[in-house]
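Subject: Structure for you to look over

Dear colleague,

I am handing over the structure below, and my notes on it follow. Please read them with the model open beside you.

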Amino acid sequence: MWLLGVPWALALLVTAVAPDPSAAPLDPASIFADLSPAELRAVRTFLMERPELGLAPSRGGPLAKNSLFLVELLPPPKRVALRFLAHGGRRPRREARAIVFFGAQAEPNVTELAVGPLPRPSSYQVLGRKGGRVVPFWARPMTQLEYELLYEALVGAVAPLEPLLREATGFGFQNCSGRCLTFSDIAPRGLGPGERRTWLVIQRFVEGYFLHPVGLEVLLDHRDPDPRRWTVRQLWYNGRYFGSVRELAELHARGALPLARLPEPPARHLFSSYEPRGRFFTGTPSEVHGAKVCEPQGRRYRLRGNRLEYGGWSLAFRLRSSAGLQLFDVRFGGERVAYELSVQEAIAFYGGHSPAAMQTKYMDAGWAMGASSYELARGVDCPETATFLDAHHLLDADGPVRFVHALCIFELPTGVPLRRHFDNDFQGGFNFYAGLEGRALVLRTTSTVYNYDYIWDFLLYPNGVLEAKVHATGYIHATFYTPQGRRYGSRVHSHLLGNLHTHLVHYKVDLDVAGTGNSFETMDIRFENISNPWSVGARVVQPWLHREPRRREREAALPLGRAPPRYHLAVTRRHENEPSSSSIYTQNNPWDPPVTFESFIRDNETIEDQDLVAWVTVGFLHVPHSEDVPNTATPGNAVGFFLRPFNFFDEDPSVASRATVIVRPLDPPTCSRLEIQRWTPPSPGPCVHPEAFTYNGTY
């Protein structure tokens with residue numbers, strides 16, 4: 001047992017070219033590997049050359065065009081992958097998932113295509129959605145082009161407010177040089193299906209601009225594919241609503257508008273910057289390097305392509321552009337325990353007094369959080385000893401983009417023994433001491449979705465335990481302070497309200513414990529009050545273990561009796577047409593999303609001896625406070641879950657580790673002569689990493 005702590009179809013067929021038979025054999029894990037830059041380019045070239053698709057470049061041009069938005073791996077069907085992993089033979093057909101925006105047609109929509117075979121694609125077909133749903137064009141994710149047009153439309157629309165903004169903030173949009181304003185957009189973009197109107201929070205463009213709102217929020221309607229028809233529908237300034245730019249500008253011109261005057265930002269020690277300021281009270285040194293991770297005798301893990309091995313663990317991994325880290329074929333001791341373990345969605349629901357704050361419900365898969373995997377800094381984001389890997393994404397671009405050092409892998413001393421015992425002889429000595437150092441292998445990436453940074457970790461422990469964890473850091477999503485806003489958060493700076501919000505993160509855990517035929521059972525503690533069998537007239541109150549098989553999906557959606565859809569845990573029967581619990585379209589169409597998780601359990605299928613998936617939700621409430629300035633810190637802002645073996649092994653599998661130390665006295669109880677047993681070198685040796693800190697930051 002393993003415990004959880006387009007309405008049309010089109011295909012073009014061309015003669016396929018056989019792969020080179022002289023090529024070196026690939027690791028079986030490579031069937032799950034992300035597409036290479038060459039494969040990404042091949043898919044784009046193939047689709048761009050199909051005249052019936054009529055694709056135009058992603059950058060430039062009008063919004064009402066057909067364009068390729070995203071290309072990433074389309075994993076093979078599970079049954080095909082398992083057959084290959086078990087028996088070898090013909091490799092599964094390698095395909096790409098391509099998302100196309102069809103904006104230049106009578107009924108604009110978003111269509112997903114399966115393109116293959118790779119590396120030389122020769123055909124494509126429409127990927128059907130569960131229920132045959134079509135994704136409307138207005139539900140598409142935002143693009144760089146739309147943001148550029150949005151900025152132009154905003155600057156033009158609020159031009160009459162330039163005197164107000166200059167007087168109140170010292171910054172503006174027109175001829176602003178180093179004193180410019182910018183904006184952050186929020187979502188959902190409306191209040192119902194078919195809308196695409198977005199509240200824009202106006203901010204000073206200084207370091208950490210997320211913490212510099214100026215008190216103006218603008219509702220801009222940009223549903224029409226023609227930006228010339230975009231209009232400002234409403235404004236909010238300093239706690240008041242206005243029906244038009246003209247109304248607000250005229251009030252200011254008459255001197256009838258209370259201004260929210262902001263102080264001049266300092267040239268140094270800006271409160272939103274990372275620049276050190278102040279001193280620690282104790283005076284202990286902080287100008288020198290602190291403790292570091294080292295590998296004195298080399299790495300204890302093996303990396304072959306996308307196959308990672310460590311101790312008893314073996315797995316394949318990839319970094320999806322759409323949603324982030326995904327593990328496949330997770331094995332311990334050579335036996336598969338999970339077919340897939342992946343991040344599905346990260347959500348943040350906000351409350352506030354301003355319209356932008358009360359409207360904000362971020363669903364980060366809609367922002368392609370997997371492609372927000374920017375460079376990890378050696379020695380800060382990951383230890384100096386880590387292995388760093390690049391990622392290549394083709395998202396809203398006219399070719400693959402390389403993201404340097406997007407992932408890292410490292411062995412981490414946990415700082416606490418995995419196991420230890422001091423066996424007291426109760427005579428001033430001991431019978432023996434034994435301990436096993438605590439270590440874990442970490443696979444890490446990050447998603448910087450505008451203000452927030454999520455640090456995604458999978459940790460592998462020597463005792464067969466796997467931990468999934470996410471840390472939240474980065475800048476808080478903050479709005480302009482008004483007295484009424486105190487109801488929805490904290491005043492974290494003079495003109496800044498930190499809005500309360502709830503983080504929810506969803507994972508998919510496709511467990512295959514001793515095969516694909518699994519069942520689900522819960523255990524909880526109950527208490528009994530019974531007669532004491534060895535003392536007449538006495539009573540014993542003691543716990544006992546209550547086991548409850550969950551035979552259908554409704555019974556396996558926990559906690560029971562709560563309103564859907566965010567369950568702590570839900571176990572469903574696996575279906576190939578239910579690969580994800582969310583989609584990149586949900587953010588801009590939460591009212592009628594193409595993927596509705598509740599539909600996974602609505603049919604209430606039996607889950608006894610079936611191929612099952614556990615869907616896990618973790619999260620926390622964040623009430624921002626002044627200590628979130630300049631950034632939210634990781635301690636106390638991390639959540640996750642564990643997969644733990646439960647009566648699966650005969651004993652703790654970490655007994656295979658040679659990092660154990662055993663000490664026995666040779667002359668008890670005096671204990672003056674000791675026998676020390678260890679299976680690693682007596683001294684770890686020097687522990688210094690010679691390379692200086694470097695960082696690039698480009699992608």
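Arg444 and Asp457 form a salt bridge whose closest N and O atoms are 2.7 Å apart, a salt bridge being a side-chain nitrogen of Lys or Arg within 4 Å of a carboxyl oxygen of Asp or Glu. Because Arg444 lies in strand β23 (residues 439-449) and Asp457 in strand β24 (residues 452-460), the pair ties together parts that are 13 residues apart in sequence. Both Arg444 and Asp457 are buried; buried stands for under 20% relative accessible area, exposed for over 50%, and partly exposed for what lies in between, with a 1.4 Å probe and protein chains only. Helices (H or I, at least four residues) and strands (E, at least two) are DSSP runs, numbered from the N terminus.

Before the rest, a word on the basis: this is a predicted model, in which local features need pLDDT of at least 70 and side-chain atom pairs count only at pLDDT 80 or more, while totals for chains, interfaces and linings use all residues. Residues are numbered from 1 along each chain as its sequence is written, and side-chain values use heavy atoms, with hydrogens and water left out.

Arg44 is buried at 18% relative accessible area, whereas Asp398, at 34%, counts as partly exposed. Glu295 and Arg299 also form a salt bridge, at 3.8 Å between the closest N and O atoms, with Glu295 buried at 19% and Arg299 partly exposed at 47%.

Helix α5 (residues 245-253) has Val245, Leu248, Ala249, Leu251 and His252 as buried residues. These cover an arc of only 160° around the axis, which puts them on the same side of α5; the arc is taken from the directions from the helix axis to the C-beta atoms. The buried residues pack against α3 (144-157), α4 (162-169), β10 (213-221), β11 (231-237) and β12 (240-242), where contact means heavy atoms within 4.5 Å. The face turned away from the buried side carries the exposed residues Arg246 and Ala253, and the helix is followed by Gly255, with a positive phi near 75°.

In strand β34 (residues 612-622) you will find Thr617, which counts as buried at 12% relative accessibility. Leaving aside residues up to four places away in sequence, Thr617 touches Leu504, Val505, His506, Tyr567 and His568.

Some backbone features also deserve a look. The peptide bond between Gly116 and Pro117 is cis, with omega about -10°, and Pro117 is in the loop between β5 (109-116) and β6 (123-126). The bond from Pro668 to Pro669 is likewise cis, with omega near 0°, and Pro669 is in the loop between β36 (660-665) and β37 (674-678). Asp609, although not a glycine, has a positive phi of about 55° and is exposed at 55% relative accessible area. Asn647, also not a glycine, has a positive phi of about 60° and is exposed at 69%.
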